[in-house]
Amino acid sequence: QITEALLKERDKQAKWNGIPLLLQKLYEHSHPNSDFSQCQSILKEISPLLSMEAMAFVTEDRKAAQESTFPNTYTFDLFGGVDLLVEILMRPTLITQKKKQKISDDLIKDCLSILYNTCICTEGVTRRLAERNDFVLFLFTLMTNKKTFLQTATLIEDILGVKKEMIQLDDIPNLASLVSSFDQQQLANFCRILAVTISELDTGSDDKHTLLAKNAQQKKNLGPSRAEINQATLLNIPGFIERLCKLATRKVSETTGTSSFLQELEEWYTWLDNALVLDALMRVANEEAEQSSTESSDESGLANTSTRTQLPQSMKIMHEIMYKLEVLYVLCVLLMGRQRNQVHKMIAEFRLIPGLNNLFDKLIWRKHSASALVLHGHNQNCDCSPDITLKIQFLRLLQSFSDHHENKYLLLNSQELNELSAISHKANIPEVDAVVNTDRSLVCDGKRGLLTRLLQVMKKEPAESSFRFWQARAVESFLRGTTSYADQMFLLKRGLLEHILYCIVDSECKSRDVLQSYFDLLGELMKFNIDAFKRFNKYINTDEKFQIFLNQINSSLVDSNMLVRCITLSLDRFENQSDAKVAEVLSECRLLSYMSQMSMRMSFLFRLINIIHVQTLTQENVSCLNTSLVILMLARRKEKLPFYLRTLQQMEYTEKYPGFILNNFHSLLRFWQQHYLNKDKDSTCLENSSCISFTYWKETVSILLSPDRTSPCAIVSYIDEAYMDIDRDFSEE
């Protein structure tokens, strides 16, 4: 509506670079009946003005960039450029079938890249686009066109990143045929977009959310979440999982010559966090390679070819790593979702595990050159390089794959499975059904299975490496569930126990996360296994070493309580066995002797109850409550429960604070009932890990919570009336 004269006059002073005038022209040429032929040339004028800024933004340090202004993109948006481009793009969808307008691919491309550049540079544009659901869904339909795929995918990814509400994949028109039209490269990029639609929004800090808040949230959400619905939608797309498994396991087309290619990428690296950018570079690089090979064949031409064709090869690996990252992420989320068993079956059938096993040395855990790429001011172990992220993603996949599932034996090869059977025969115990039932055609091939390869790299990992946590978690999840002697022996024979103790005691590991994962793994490895305790004693063979070990345990019970639980349970079982070998280990093993002292068990019990409160319970520390219950259940079996409660009461008096432990414990147990007696709660984990029936857990809690003050096993009998504080309700805020 502003006159051309006025725009021209203001243009110089305001440094608008003629953008408002160009937009006015664009508007006139894009009316409903125009053929858009002029639009293209107008956009060609606008485009460079904006892309310069976007490039500056991406290559400059982002912080500095935020402070500087981006007048061109701002002006473009101010004068309605963004809305106009959305309108041009969506125009064909508004027109009746008869006179279908066709917008050229180039015009679509220009519109998309201008929108993307404006989103990068100008605050709020992405959010505005995200609020237009019709536009977001429309963008997906543009992905069917190979020529505009990259631009569309990049823009969608940006928009979904800021969208407040998760989109529903069901709403995308013809999703199944869209996905089947993608080639493998597009599918990998599409996974990057899918990641946002299938992950629960706040999973990042899942362990940190209090259980009270989570339970309250669950009561509100009766149906499945959007992410869960989206996961189901994906699983219903024919052939989807099979294609992901193929992508995850395909080899890089040729082997690479040198390990120096990462350095070649260094300059590009600042904005290479995006596989899409890589795609564009790959195309350029490939075209260059083709061009240079068609150039003259004199000496310089030949030399030129060799330097130019090296780049695509080095990029291919990087490319493949980025693809696999996205694909493994999606598979991992699906493995942890509601349709877990269905996904498991498919993944096994499509031989994902043997495929990854074959890539292990070449791609997943490939050796870096001594001067491995160090990024802008990062050290090489920082978590932002694709190489590192791929390793972590791979370990997370292994963890969710083997956690409480019998398919975990697919991580072994045939010889290793035979070894498990031999261990069982030798020990005169029945073989685990899952081992017998494992389909040998789906297991790993080659000299080693994935689990043993993982143990190998785990032992070589430098002390302060961030991978240690994930490696330990992956191996621990293989042992989880019902304790299997053969599984433990398989790992003990490969020196795992000594390796863990070396890390905890000799290298005096300081990282809380790593320590926690090592304690958990040690607990699973030693539980009920007399040979493991014998090995432990052989390694921890001086009082000094044992003291360091105890200091590590006591430094944080939240981290070590699963190990404390394992020792307590094992000690109880060994004491009830009449085997000479067991008796010998019981008398010699420092760890078992230490735990058999009543005062030590009481000290652990007192501290375990003292470090948690109903309001601060999380997925991570609730195990302290269950460990304290295990100690008391074993006491109840020996009819010592009143003695333990009386000792807790005396300890309170010594601390000059009567009632504070027992009142807290009473509240915790009431919460335990609310939490675990919920119909959706899976109690098999508690049963399997403790070998104590869930009924016994429930009975013990009921007896402890009995309101009868004359009962010798009721907590209330040990709190003086004056200090009673047990009737408060939990607020779920």
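Which residues touch the most other members of the largest nonpolar core? In this predicted model, where local features need pLDDT of at least 70, side-chain atom pairs count only at pLDDT 80 or more, and totals for chains, interfaces and linings use all residues, the answer is Phe135, Phe140, Met143, Phe394, Leu491 and Phe549, out of 214 core residues. Residues are numbered from 1 along each chain as its sequence is written, and side-chain values use heavy atoms, with hydrogens and water left out.

A nonpolar core here is a set of buried Ala, Val, Leu, Ile, Met, Phe, Trp, Tyr and Cys residues joined through side-chain atoms within 4.5 Å. Buried means under 20% relative accessible area, exposed over 50%, and partly exposed in between, using a 1.4 Å probe and protein chains only. Helix H18 (residues 299–335) gives this core its largest share, twelve residues. As for Phe549, its partners are Leu501, Ile504, Val505, Phe519, Leu522, Phe536, Leu563 and Leu591, once residues up to four places away in sequence are set aside. Contact means heavy atoms within 4.5 Å.

Zooming out, the protein has 39 helices and zero strands, both taken as DSSP runs numbered from the N terminus (helices H or I, at least four residues; strands E, at least two). Of its 733 residues, 53% are buried. Among contacts with a separation of 6 or more, 77% join residues 24 or more positions apart.

Two helix pairs are worth a look. Helix H12 (residues 184–198) packs against helix H14 (residues 226–235) at an angle of about 140°, with the axes 8 Å apart. That angle makes H12 oblique to H14; angles under 35 degrees count as roughly parallel, over 145 as roughly antiparallel, 65 to 115 as roughly perpendicular and the rest as oblique. On the H12 side the contact uses Leu194, Thr197 and Ile198, and on the H14 side Ala227, Asn230, Gln231 and Leu234. By class, these are four nonpolar, three polar and no charged residues. For this sorting, Ala, Val, Leu, Ile, Met, Phe, Trp, Tyr, Cys and Pro count as nonpolar, Asp, Glu, Lys and Arg as charged, and the others, Gly among them, as polar.

In the other pair, the axes of helix H31 (residues 557–575) and helix H34 (residues 598–610) come within 12 Å and cross at roughly 140°. Axes are lines fitted to C-alpha atoms, for helices over the stretch in contact, and angles run from 0 to 180 degrees between N-to-C directions. Leu557, Asn561, Val564, Thr568 and Leu571 of H31 meet Arg601, Phe604, Arg607 and Leu608 of H34. This contact has five nonpolar, two polar and two charged residues.

Thr126, in helix H8 (residues 125–131), counts as buried because its relative accessibility is 10%. Beyond its neighbours up to four places away in sequence, Thr126 touches Cys119, Asp158, Ile159 and Val162. Asp531 of helix H29 (residues 530–539) is buried as well, at 17% relative accessibility. Leaving aside neighbours within four places in sequence, Asp531 is in contact with Tyr485, Met489 and Lys581.

Finally, the backbone. Most residues other than glycine have a negative phi. Phe528, however, has a positive phi near 60°; this residue lies in the loop between helix H28 (512–526) and H29 and is buried, with a relative accessible area of 14%. Arg351 also has a positive phi, near 55°. Its place is the loop between helix H19 (340–349) and helix H20 (352–364), and Arg351 is partly exposed, at 30% relative accessible area.
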